[in-house]
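Here are some notes for a colleague opening this entry for the opening look. Please read them with the sequence and the model side by side.

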Amino acid sequence: ADQFLVFRTGENAKVQTFMHYILEEYYGEVEPNIEVIHLYLPLLFMELARTFEEETKEKQRHQNQVVTEALAIIEKDYRTLSLEMLAQQLGFNKNYLGNLIKKETGDTFKQLLQRQRMLHAHHLLLYSNYSMEEISEEIGYLDTSYFFRSFKKTHGKTPGQIREETLHETCSLTTLFCSGDIVSLCRKRFN
């Protein structure tokens, strides 16, 4: 298969000048001097390489910006977001965006979304009184059993185990600072 490199040099005056000199030397009215053309070619290639490098850097900056925007949207809208919705919001094809996210972050869209949901679930377990069903719903899972499996896979423990450990740690700290009534309340809760 043929492979080509495309250089976008329409605005590069040096490339245009070198090409003009090479073509003028070759197709001009006088016999072409191949040595002159050979002197222009390294200058042309050097300028093409600079153009290519600048274009590549610009493309990379743009891709980084797109992925940064995507990550911000995932962080904000993780409850209801899909790759299709994200791609539409950013104005890209979903397959292209999914591949770009994977290339730039090392994780798939689904993995990033899952991670964000699990982070929020963990926070809710520690700092709210929501039931497991409420937490599951809050982070965008309608199936509580799927939430439990996903949470355990991510954290190595069930949501109930995390909450219980946190309550136990809190009660242990409380025993250092509180009266016997609180201590006995904590003991009753865990026995």
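**Notes on the model**

1. The protein holds 9 helices and 0 strands, where helices (H or I, at least four residues) and strands (E, at least two) are DSSP runs numbered from the N terminus. Read along the sequence, the pattern is α-α-α-α-α-α-α-α-α.

2. This is a predicted model, in which local features need pLDDT of at least 70 and side-chain atom pairs count only at pLDDT 80 or more, while totals for chains, interfaces and linings use all residues. Residues are numbered from 1 along each chain as its sequence is written, and side-chain values use heavy atoms, with hydrogens and water left out.

3. Of the 191 residues of the protein, 29% count as buried, meaning under 20% relative accessible area, with exposed over 50% and partly exposed in between (1.4 Å probe, protein chains only). The protein exposes about 13,700 Å², of which carbon and sulfur atoms supply 54%; the areas come from the Shrake-Rupley method with a 1.4 Å probe.

4. Among contacts (heavy atoms within 4.5 Å) between residues at least 6 apart in sequence, 51% join residues at least 24 apart.

5. Helix α3 (residues 83–90) and helix α4 (residues 94–105) pack at an angle of about 100°, with their axes 9 Å apart; axes are lines fitted to C-alpha atoms, for helices over the stretch in contact, and angles run from 0 to 180 degrees between N-to-C directions. The two helices are therefore roughly perpendicular to each other, a label for angles of 65 to 115 degrees. Leu83, Glu84, Leu86, Ala87 and Leu90 in α3 meet Lys94, Leu97, Gly98 and Ile101 in α4, and by class this contact has 6 nonpolar, 1 polar and 2 charged residues.

6. Helix α2 (residues 34–77) also packs on α4, their axes coming within 10 Å and crossing at roughly 100°, which makes α2 roughly perpendicular to α4. On the α2 side the residues include Gln60, Val66, Val67 and Leu71, and on the α4 side they include Tyr96, Leu97, Leu100 and Ile101. The residues of this contact divide into 8 nonpolar, 4 polar and 2 charged.

7. Ser128 lies in the loop between α5 (109–127) and α6 (132–138). Is Ser128 buried or exposed? At 15% relative accessibility, Ser128 counts as buried. The side chain of Ser128 reaches the backbone nitrogen of Tyr130 at 3.2 Å, and, not counting residues up to four places away in sequence, Ser128 touches His123 and Arg163.

How values were computed. Angles under 35 degrees count as roughly parallel, over 145 as roughly antiparallel, 65 to 115 as roughly perpendicular and the rest as oblique. Ala, Val, Leu, Ile, Met, Phe, Trp, Tyr, Cys and Pro count as nonpolar, Asp, Glu, Lys and Arg as charged, and the others, Gly among them, as polar. A polar contact is a pair of N or O atoms within 3.5 Å; within protein, one must be able to donate a hydrogen and the other to accept it, and residues adjacent in sequence count only if both atoms are side-chain atoms.
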